[in-house]
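These entries record what I looked up in one structure.

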Amino acid sequence: MGDILVGTCSWTDRELVGSGWYPVGRRDAEGRLRHYAERFPVVEVDASYYALPGERNSRLWVERTPDGFVFDVKAFSLLTGHPTRSAVMPDGLPADSRDPRVLDEVWARFAAGIAPLRRAGRLGGVLFQFPPWFRPGARAEAFLADTARRTEGWPVSVEFRHPEWWEAGRAEATRALLARYGMAAVAVDMVQTLPSSLPPVVHVTSPRLSVVRFHGRSTAWGTGSKEDRFRHAYRDDELAEWVPRLRHAAERVEQLHVLFNNCCGDAAVRAAEAMARLLGLPSPAGLGRPAVPVQQGPLPSGAARPHRPQRQEHERSDR
C-alpha cells in the first residue's frame, strides 16, 4: 500500500485567507505555510500557472515545511497551451508558444524555479492541466512527447479536460500513451451532468504517483465566476464514494495525492480534513519522515543558465 497524501490546491487563496481558518499570529506568508504544513502533508502550488515560479520562493517553501512535506507544482500556462498574459513573461518575451526561442527560455526558467524543490526531494509532481480544446490526435500526442522529453526524470501528472480522452473505446489508448512516458493520469471529481464532465475513475499509469483532484460539483463549471465554479461543500457521503477507489489506487502506486480544488472559503481544507478522517490517516503533524524517493534527473539543458531574477510575489491568490 502506497502513501495517501491529502491536501488542497493552494494555501494562499484569498477566500481561504479571509475565512478565519488561519489563526491570529499566523496570517503572514511564513505563518500560513507553517500552519498549513502542520495539518496536511501535500499542497498544490497553483500560482506557478499564472507566473513562472521563482527559486527564492521554492527555497523558502522548503525551509518552512517539515521533512516529508511535498509540493505539487502546476505548470506555467504557456507550457500547456493556455493563453498567457504578456505582463508575466520574463524579460519582455512575447507570449508565443509557437516561437521555439521563447518556449526554450520559458522551460529553462520554469525548471530553474522548481530546482530547489527537486534538489530537496520535495517536489511531489508537476501538474500539466491541459485546456478543454486539447483533444486526442496527432498534434496532442506530439505535444505530450515534447513535454516528456523536456521533463525527463521529473514526476509528472496530466489532467485532460476534453472528455474524449477518457471515453469508452479511447481510454485504453490514453492510459497506454501516458504510461509510455511515465506520466500519472489525474482523476477528477466534478459534476456529472455537463457535456464536459469527466468520469470519476482513477486510471493508474505510473507506478510511483497517482493524483485525484476534487473540483467540487457546481453546475457552473466552465461558465460562471471563480466563486460559482468552485462553490461546493463536500458532504461525508460524497467523499465516502471515493474511499474504496482511493484505497485501490494506493495499492498500485508509491504515492497517491488527493487534492481539493473547491477553494471557496474554507471548503477545501474542511473537505481535506474530512477525507483524511474517512481514510483513517494519521495527523501529519511532525511528519519527520523522508519523502518517497523520486528520480529527479538532470535539469533540462539551459536551466542553470544565469538570468535576471523576475520579481514575484511570495504568495498570491491563485486558481
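I looked up F40 and found it buried, with a relative accessible area of 3%. I note that the model is predicted. I described the pair by centre distance and plane angle: the rings of Y36 and F40 are 5.0 Å apart centre to centre, with 40° between the planes, and the pair is tilted.

I then took F134 and W165, which form a stacked pair at 5.9 Å centre to centre, with 15° between the planes. This pair links distant parts of the chain, 31 residues apart. F134 is in the loop between β4 and α6, while W165 is in the loop between β5 and α7. I found both F134 and W165 buried.

A search of the whole structure gave me 25 aromatic pairs. I traced a cluster in which ring pairs link W11, W21, Y22, Y36, F40, W61, F69 and F71.

I found K74 over the face of Y49, 4.8 Å from the ring centre. R180 lies over the face of Y181, at 5.6 Å from the ring centre.

I listed 75 residues in the largest nonpolar core, where F71, F260 and M275 touch the most other members. Helix α5 (residues 100-119) gives the most to this core, with eight residues. Apart from it, I recorded another core of 13 residues, including L127, M190, V211 and L259. Beyond four places in sequence, the residues that F260 touches include V6, C9, F214, Y234, L239, A271 and M275.

I checked residues 267-278: the twelve residues reach 16 Å from first C-alpha to last, close to the 16 Å expected. Among the buried residues of α11 I noted A268, A271, A272 and M275. The elements covering the buried residues of α11 include β1, α1, β7, α9, α10 and β8. Just after α11, I found G280 with a positive phi of about 70°.

I placed H203 in the loop between β6 and β7. H203 is buried, with a relative accessible area of 10%. Its side chain joins that of R175 through a polar contact of 2.9 Å. Leaving aside neighbours within four places in sequence, I listed W166, A171, R175, A185 and S210 in contact with H203.

How values were computed: Residues are numbered from 1 along each chain as its sequence is written. This is a predicted model: local features need pLDDT of at least 70, side-chain atom pairs count only at pLDDT 80 or more; totals for chains, interfaces and linings use all residues. Side-chain values use heavy atoms; hydrogens and water are left out. A nonpolar core is a set of buried Ala, Val, Leu, Ile, Met, Phe, Trp, Tyr and Cys residues joined through side-chain atoms within 4.5 Å. Buried means under 20% relative accessible area, exposed over 50%, partly exposed in between (1.4 Å probe, protein chains only). Helices (H or I, at least four residues) and strands (E, at least two) are DSSP runs, numbered from the N terminus. Contact means heavy atoms within 4.5 Å. A polar contact is a pair of N or O atoms within 3.5 Å; within protein, one must be able to donate a hydrogen and the other to accept it, and residues adjacent in sequence count only if both atoms are side-chain atoms. The expected span of a helix is 1.5 Å times one less than its number of residues. Rings of Phe, Tyr and Trp (its six-membered ring) pair if their centres lie within 6.5 Å; planes under 30 degrees apart count as stacked, over 60 as edge-to-face and the rest as tilted. A charge sits over a ring if NZ of Lys or CZ of Arg is within 6 Å of the ring centre and within 35 degrees of the ring normal.
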